[in-house]
Amino acid sequence: MNRILLLCILLAGCLYEASAQYAEHVLPGATQTARYLPLLKNKRVAMMVNQTATIDKTHLVDTLLKLHVKIQKIFSPEHGFRGNAGHGEKVANSVDSATGIPIVSLYGQHRKATAADLKDVDILLFDIQDVGTRFFTYISSLQELMESAAENKKTLVILDRPNPNGDYVDGPILDTTYRSFIGMQPIPVVHGMTVAEYARMLNGEHMLRNGVHCDLKVIPCENYSHKTFYRVPIKPSPNLPNMAAINLYPSLCFFEGTALSLGRGTDKPFQVYGSPSFPKQGYSFTPRASAINPTPVLKDQLCYGFDLSNAPEATPHAGRKIELKWLLDAYRMFPDKSKFFIPFFSKLAGNNILQQQIVKGLSETEIRKSWEPGLAKFKAIRAKYLLY
């Protein structure tokens, strides 16, 4: 029996490796220039892109300029056009030194492209690598760009990219009372959609502000499905430096709403968590200020906790889900429970229920059961807009 079990494990490992190799053949929408260049011909183009908008190792802006596309301006999301601005850092408008193209920051006070921003633009292009969570702000920027396009009668072309967390749907549904830029729609924490699928849902379910409808063109990925393991070639934000961080992000981001550090200011952001008040044994780390994390939580304080960078959950696997065990264990370990949560937690969770459940001592099974009705309803809606 043990030999049979071992063979099954080895076979599963081989199948996983095969799927990982297959993922190398995934073609994001940006690579399929013949499908979207006709849409851009003789048009003044504005692009919402960042450092992830590449074809192989060449930035999409450079590729399109060589193909004689007239790029009027670049709109940049959180972290800026080059993706090197820190968490929440406001980025000013600028000019790209390499191309001379104006860059308009759409993060901070000026989040939405105005009629003035679009007066010299005929068509919009969106190409940004997302990681598939409600609180990652690129889908919020996408929504506001769709609204601007609709209100100003512009077509928006989305060059789709795979979702590295696109194989599962999980978490509490956002209560719109807690709507913010890190959660704009009543969706779960992990939505299991690519940006193009998500945009199709925003249109189809009339989720855009004032019920507007965006003229949307999608260039889909090729050789991709929601069971595909996709290794993101360029880090999508400064604090998601590798696939371990991306895989752990849906679970560990909840710690942003607590008194704990989740590794900002270390070489393992979103891969560790801890506190000076935890038992002084095992793994330890000290958050330090840096260009991308000038004021990390618990800066210069020695924290004790856990390193998950090599945990099984840090790699893709069948049956993935949000892991609540780390959050529940941390709450139990924290000495002064009245100071464990900060108000930001409810924005991340999308409600005030999860915090109440943790304080009451509910088990992970009990908490997850409370998510089931909302997840079932969302999955039915989601299914209508899937492309893969």
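1. Let's start with strand β8 (residues 155–159), which is mostly covered: five of its five residues are buried. Buried here means under 20% relative accessible area, exposed means over 50%, and partly exposed lies in between (1.4 Å probe, protein chains only). In a regular strand the side chains alternate between the two faces of the sheet. For β8 both faces are covered, with T155, V157 and L159 buried on one side and L156 and I158 buried on the other. Strands and helices are DSSP runs numbered from the N terminus: E of at least two residues for strands, H or I of at least four for helices.

2. A word on what you are looking at. This is a predicted model, where local features need pLDDT of at least 70 and side-chain atom pairs count only at pLDDT 80 or more, while totals for chains, interfaces and linings use all residues. Residues are numbered from 1 along each chain as its sequence is written, and side-chain values use heavy atoms, with hydrogens and water left out.

3. Now the neighbours of β8. Strand β7 (residues 123–127) pairs with β8 in the parallel sense over four bridges; two strands pair if DSSP finds at least two bridges between them. I123 has T155 of β8 as its bridge partner. Between these strands the chain passes through helix α5 (residues 138–151), and this β-α-β crossover is right-handed. Right-handed means that, with the strands pointing away from the viewer, the path from the first strand over the helix to the second runs clockwise.

4. Strand β9 (residues 215–219) also pairs with β8 in the parallel sense, over five bridges.

5. Have a look at the loop between α6 and β9, where H206 sits. Most residues other than glycine have a negative phi, and most peptide bonds are trans. H206, not a glycine, has a positive phi of about 55°; this residue counts as exposed at 58% relative accessibility. N210 belongs to the loop between α6 and β9 too. Its phi is near 65°, a positive value in a residue other than glycine, and N210 is exposed with a relative accessible area of 72%.

6. There is also an open sheet of three strands, in the order β10-β12-β11, with antiparallel pairing. β10 (272–275) and β11 (283–285) stand at the edges with a single partner strand each, so one side of each has no neighbour in the sheet. β10 and β12 (residues 303–307) run antiparallel and are joined by four bridges. Y273 stands opposite F306 in β12.

7. The structure holds four cavities of 30 Å³ or more. On a 1 Å grid over the protein atoms alone, a cavity is a set of points where a 1.4 Å probe fits but cannot get out, and lining residues have an atom within 4 Å of a point. Grid points are joined across faces, edges and corners, and a volume is the space filled by probe spheres set on the points. The largest cavity holds about 60 Å³ of space, and its lining includes Y168, H317 and W326. Helix α7 (residues 243–252) gives the most to that lining, with three residues.

8. The second largest cavity holds about 50 Å³ of space. Among the residues lining it are F255, R264 and V297.

Key:
1 Å grid on protein atoms, 1.4 Å probe; cavity = no way out; pocket = protein on both sides within 12 Å on 5 of 7 lines; lining within 4 Å.
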